[in-house]
Amino acid sequence: MNDMIVNAEVKSDDVQVKDAKAYELRPLVASDMGSICKIITAIGIRQFKECFDVDQLLEDQEDKGEKKINIEKIGFNVIIANIPKAEGEIQAFLSSLTGLKLQEIKKIPFADYGEMIIEVVTKEEFQDFFKRVMKLFNR
């Protein structure tokens, strides 16, 4: 199943398309592992591992009254917090997922760029990858 992001501008109660161009996110595949590893390396393995400390995450969730770890939220926070360290790698990865040229990714409006990142980290296969990473880091 492909996810789509469409640039839209809200005026009054209806949504009008500002730009007819849509971005399709292709499914994640084995060859994306290299791009994901480049992002993790740019962030820093130690810092990345700390983001997935299950005991700490569970403790934080209990403090907030939540019962499970939100992988989506962790993935988004890790990416957003580390954009300065991994910006080039993130943009190259998004380019690969959307089929857009790197320069096109760099020119996407700010809000749409954030939405694209959200679409990626909420993909089921992305969340599955991070769940497995958590298991690996917490052995």
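Predicted model: local features only at pLDDT ≥ 70, side-chain atom pairs only at ≥ 80, totals over all residues.

Biologist: How do I read the core, then?

Modeller: The general idea is that in soluble globular proteins, nonpolar side chains tend to be buried together. In this model the largest nonpolar core has 28 residues, and Ile90, Phe93, Leu94 and Tyr113 have the most contacts inside it. At least two residues of this core come from each of β2 (14-25), α1 (33-43), α4 (71-81), α5 (83-98), α7 (110-121) and α8 (124-137).

Biologist: Which element gives the largest share of this core?

Modeller: That's α5, with six residues.

Biologist: What does Tyr113 touch, leaving aside its neighbours within four places in sequence?

Modeller: Contact means heavy atoms within 4.5 Å. Tyr113 is in contact with Ile83, Ile90, Gln91, Leu94, Ile105 and Ile108.

Biologist: Next, helix packing. What are the angle and the axis distance for α1 and α5?

Modeller: About 170°, and the axes of α1 and α5 are 8 Å apart. Angles over 145 degrees count as roughly antiparallel, so α1 is roughly antiparallel to α5. From α1 the contact uses Ser35, Ile36, Lys38, Ile39, Ala42 and Ile43, and from α5 it uses Lys85, Ala86, Glu89, Ile90 and Phe93. By class, the α1 and α5 contact has seven nonpolar residues, one polar and three charged.

Biologist: How do α5 and α7 cross?

Modeller: Their axes come within 11 Å and cross at roughly 75°. Since 65 to 115 degrees is the range for roughly perpendicular, α5 and α7 are therefore roughly perpendicular to each other. On the α5 side you'll find Ile83, Ile90, Gln91, Phe93, Leu94, Leu97 and Thr98, facing Tyr113, Met116, Ile117 and Val120 of α7. The contact of α5 with α7 has nine nonpolar residues, two polar and no charged ones.

Biologist: One last thing: how do I read contacts along the sequence?

Modeller: Take contacts between residues at least 6 apart in sequence: 60% of them join residues at least 24 apart.

Terms used:
Residues numbered from 1 in each chain as written. Heavy atoms only, no water. Core = buried A, V, L, I, M, F, W, Y, C linked by side-chain atoms within 4.5 Å. Buried < 20%, exposed > 50% of the residue type's maximum accessible area, 1.4 Å probe, protein only. Helix = DSSP H or I, 4+ residues; strand = E, 2+ residues; numbered from the N terminus. Axes fitted to C-alpha atoms, helices over the stretch in contact; angles between N-to-C directions. Parallel < 35°, antiparallel > 145°, perpendicular 65-115°, else oblique. Nonpolar A, V, L, I, M, F, W, Y, C, P; charged D, E, K, R; others polar.
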